[in-house]
Amino acid sequence: DERSYALFNGALANPAVSMLMAHPNIFCLTNLRGSEGQIVEPRPNGTPTTETVIAAHHKYVRLPKNVHPSIASLQDESIYLIDEGTNLYIYVGQDVPRDVKSELLEISDSGCAVSTSSDFGQTVHRMIWQMRTFSTVGGGPESTIRPSYAPVIVVLADCSHKDPFEEKVMKLMIDDEIGGHPDYITFLCGMHKRVKEAVLKGSYN
């Protein structure tokens, strides 16, 4: 069931993916600026001499600035790319113009997919590749970091009907209180307090 699948992914995940499972990355795809979504090649000052410096100057796909995982951050007229470690979501707000949807998405009988023919679609595909690999361009196969291949799930926000994945996306907004559970900051503060109390208690034993 889903619990077993979650345990399986958690056992195989490396620290980078584990962090995403606890705190997802969210990027706004609307009105990308400058080189966002493009391949960038840093220019070193002089000749790189160490392995670390050489790795730091490999080509990579520039991602936009992170958006806080909160419902208040999701604008109805915007599109978001959400990475929660095991899945990638394209969340399309209910007021996104039809022409923008048509440029980004290809709709068929089997569902929605990110377009491979439009400039916008190709830009998003580059960002998806970068997020799947955690790597520089040409740095390795997509399966080297994550416990499984992260599928891209398109979620259309619409008042007339409820997308079955929309509820899952809303549960990823961990900066908000959900179902009586504390938000991310409150949870971390509480955990920090318990750890501190345990450490102080142990120091006197």
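Analyst: Start with a term. Helices (H or I, at least four residues) and strands (E, at least two) are DSSP runs, numbered from the N terminus. Val-40, for instance, has its place in strand β2. The model is predicted: local features need pLDDT of at least 70, side-chain atom pairs count only at pLDDT 80 or more, and totals for chains, interfaces and linings use all residues. Residues are numbered from 1 along each chain as its sequence is written, and side-chain values use heavy atoms, with hydrogens and water left out.

User: How many helices and strands does the chain have?

Analyst: Seven helices and eight strands.

User: Is Val-40 buried or exposed?

Analyst: First the cut-offs. Buried means under 20% relative accessible area, exposed over 50%, and partly exposed in between (1.4 Å probe, protein chains only). Val-40 has 14% relative accessibility, so it counts as buried. In the chain of 205 residues, 34% count as buried.

User: Which residues does Val-40 touch?

Analyst: A contact means heavy atoms within 4.5 Å. Not counting residues up to four places away in sequence, Val-40 touches Ser-35, His-58, Lys-59, Tyr-60 and Arg-62. A C-alpha distance is another way to read a fold. Val-40 and His-57 are 17 residues apart along the chain, and their C-alpha atoms are separated by 9.5 Å.

User: What share of contacts joins residues at least 24 apart?

Analyst: Take contacts between residues at least 6 apart in sequence. Of these, 58% join residues at least 24 apart. Two C-alpha pairs show how sequence and space can be read together. Leu-12 lies in helix α1 (residues 2-12). Leu-12 and Pro-147 are 135 residues apart in sequence, with 5.5 Å from C-alpha to C-alpha. Leu-12 has 47% relative accessibility, so it counts as partly exposed. Now Tyr-149, in the loop between α5 and β8. Tyr-149 and Asn-87 are 62 residues apart along the chain, and 8.3 Å separates their C-alpha atoms. Tyr-149 is exposed, because its relative accessible area is 53%.

User: How is an aromatic pair read?

Analyst: A pair of aromatic rings is described by the distance of the centres and the angle of the planes. Rings of Phe, Tyr and Trp (its six-membered ring) pair if their centres lie within 6.5 Å; planes under 30 degrees apart count as stacked, over 60 as edge-to-face and the rest as tilted. This structure holds one such pair. The rings of Tyr-89 and Phe-165 have centres 6.5 Å apart and planes at 55°, so the pair is tilted. The pair links distant parts of the chain: Tyr-89 sits in strand β5 (residues 88-92), and Phe-165 in the loop between β8 (152-156) and α6 (166-171), 76 residues apart. Tyr-89 is buried, at 3% relative accessibility. Phe-165 is partly exposed, at 29%.

User: What is a nonpolar core?

Analyst: A set of buried Ala, Val, Leu, Ile, Met, Phe, Trp, Tyr and Cys residues joined through side-chain atoms within 4.5 Å. The largest here has 19 residues, and Leu-29, Ile-79, Leu-81, Ile-90, Leu-104 and Val-124 touch the most other members. β4, β5 and α5 (119-133) each supply at least two residues of this core. Its largest share, five residues, comes from α5. A second, separate core of 14 residues includes Leu-74, Tyr-89, Val-169 and Met-170.

User: Which residues is Leu-29 in contact with?

Analyst: Leaving aside neighbours within four places in sequence, Leu-29 contacts Ile-79, Tyr-80, Leu-81, Ile-90, Phe-120, Val-124 and Met-127.

User: Where is empty space left, and what shows it?

Analyst: Rolling a probe the size of a water molecule over the atoms shows where empty space is left. On a 1 Å grid over the protein atoms alone, a pocket is an open set of points where a 1.4 Å probe fits, with protein on both sides within 12 Å along at least five of seven lines; lining residues have an atom within 4 Å of a point. Grid points are joined across faces, edges and corners, and a volume is the space filled by probe spheres set on the points. The second largest pocket holds about 220 Å³.

User: Which residues line the second largest pocket?

Analyst: Cys-28, Thr-30, Asn-31, Leu-32, Arg-33, Glu-36, Pro-64, Lys-65 and Val-67. For classes, Ala, Val, Leu, Ile, Met, Phe, Trp, Tyr, Cys and Pro count as nonpolar, Asp, Glu, Lys and Arg as charged, and the others, Gly among them, as polar. This lining divides into four nonpolar, two polar and three charged residues.

User: Where does Asn-31 lie?

Analyst: In the loop between β1 (25-28) and β2 (39-40). Asn-31 has a positive phi of about 60°, although it is not a glycine. At 67% relative accessibility, Asn-31 is exposed.
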